[in-house]
Amino acid sequence: MILETKRLILRPWNKDDAEDLYKYAKDPDVGPIAGWLPHKSVEESLNVIENVFGKECYAVCLKDNKPIGSIELKLNGYTDMTDRDDECELGYWIGKPYWGNGYIPEAVNEIVRYAFENLHMNIIWCGHYDGNTKSQRVKEKCGFAYYRTTENLEVLGELRTGHTYILTKEQWKNI
């Protein structure tokens, strides 16, 4: 599946994207705030593409088709936020040189449309950890509503506070 917006292409990752993934995923300001370690090599990025990214994980690309970030719908069995087949978890990140350009809200709006219209989801869950105000703003811009806060989550060897948001199909229809 390939999705397009005014400025972006959302497409499946492939092994030829490993160098582009590594270029942004090695940045210590990108992964740890989202709960994953910076990549240490192109080989590690290739392994992530081949073995970690799920079926509904897409490279966020400018119109030149080069990945600058990632967006994923984690379906039942691949998320701990829900165990329902009509609900999923949304995750996203973008390379630091592209922060502040509105690319992720644009990608989120398109993947949310796809989730509700094509995958027949009824609820999309999305979370962030304390301090990740950029991710929080994306959720708020895209219509997600605060759901709960969870303290003392062990992430990368430290305790963090997580904030969960949801967007229902009905809320989305009214946006």
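Trainee: At 47% relative accessibility, how does tyrosine 146 count?

Mentor: Please keep in mind that this is a predicted model. Buried means under 20% relative accessible area and exposed means over 50%, with partly exposed in between. Tyrosine 146 has a value of 47%, so this residue counts as partly exposed.

Trainee: With which residue does tyrosine 146 form an aromatic pair?

Mentor: For two rings, one looks at the distance between the centres and at the angle between the planes; planes over 60 degrees apart count as edge-to-face. Tyrosine 146 pairs with tyrosine 165, at 5.8 Å centre to centre and with 85° between the planes, and the pair is edge-to-face. It links distant parts of the chain: tyrosine 146 belongs to strand S7 and tyrosine 165 to strand S8 (residues 158-168), 19 residues apart. Tyrosine 165 has a relative accessible area of 6% and is buried, whereas tyrosine 146 is partly exposed.

Trainee: How many aromatic pairs does a search of the whole structure find?

Mentor: The search finds 8 aromatic pairs. In one of them, the ring centres of tryptophan 125 and tyrosine 147 are 5.0 Å apart and the planes lie at 85°, so this pair is edge-to-face. Here too, distant parts of the chain are linked, with tryptophan 125 in strand S6 (residues 123-129) and tyrosine 147 in strand S7, 22 residues apart. Tryptophan 125 counts as buried at 8% relative accessibility, while tyrosine 147, at 41%, counts as partly exposed. Elsewhere, ring pairs join Tyr24, Tyr98 and Tyr103 into a cluster.

Trainee: How many residues of S3 are buried?

Mentor: In S3, 6 of its 6 residues are buried, and the strand is mostly covered.

Trainee: In which sense do S2 and S3 pair?

Mentor: Strand S2 (residues 8-12) and S3 are paired in the antiparallel sense, over 5 bridges. Within this part of the sheet, proline 12 stands opposite tyrosine 58 in S3. S3 and S4 also run antiparallel, joined by 5 bridges, and cysteine 61 stands opposite proline 67 in S4.

Trainee: What do S3 and S4 form, and which residue in the turn has a positive phi?

Mentor: They form a hairpin with 4 residues between them, and the residue in question is asparagine 65, with a positive phi of about 70°. As a general idea, most residues other than glycine have a negative phi. Asparagine 65 lies in the loop between strand S3 (57-62) and strand S4 (67-74), and counts as partly exposed at 34% relative accessibility. Asparagine 152 also has a positive phi, near 60°. This residue is found in strand S7 (residues 145-155) and counts as exposed at 58% relative accessibility.

Trainee: At roughly what angle do the axes of H1 and H3 cross?

Mentor: Angles of 65 to 115 degrees count as roughly perpendicular. The axes of helix H1 (residues 18-25) and H3 come within 8 Å and cross at roughly 110°, and the two helices are therefore roughly perpendicular to each other. Ala18, Glu19, Leu21 and Tyr22 of H1 make the contact with Val42, Ser45, Leu46, Val48 and Ile49 of H3. By class, this contact has 7 nonpolar, 1 polar and 1 charged residues.

Trainee: Where does histidine 39 lie?

Mentor: Histidine 39 is in the loop between helix H2 (31-34) and helix H3 (42-51). With 8% relative accessibility, histidine 39 counts as buried. Leaving aside neighbours within four places in sequence, its contacts are Leu21, Tyr22, Ala25, Lys26, Glu44, Ser45 and Val48.

Conventions
Residues are numbered from 1 along each chain as its sequence is written. This is a predicted model: local features need pLDDT of at least 70, side-chain atom pairs count only at pLDDT 80 or more; totals for chains, interfaces and linings use all residues. Side-chain values use heavy atoms; hydrogens and water are left out. Buried means under 20% relative accessible area, exposed over 50%, partly exposed in between (1.4 Å probe, protein chains only). Contact means heavy atoms within 4.5 Å. Axes are lines fitted to C-alpha atoms, for helices over the stretch in contact, and angles run from 0 to 180 degrees between N-to-C directions. Angles under 35 degrees count as roughly parallel, over 145 as roughly antiparallel, 65 to 115 as roughly perpendicular and the rest as oblique. Ala, Val, Leu, Ile, Met, Phe, Trp, Tyr, Cys and Pro count as nonpolar, Asp, Glu, Lys and Arg as charged, and the others, Gly among them, as polar. Two strands pair if DSSP finds at least two bridges between them. Rings of Phe, Tyr and Trp (its six-membered ring) pair if their centres lie within 6.5 Å; planes under 30 degrees apart count as stacked, over 60 as edge-to-face and the rest as tilted.
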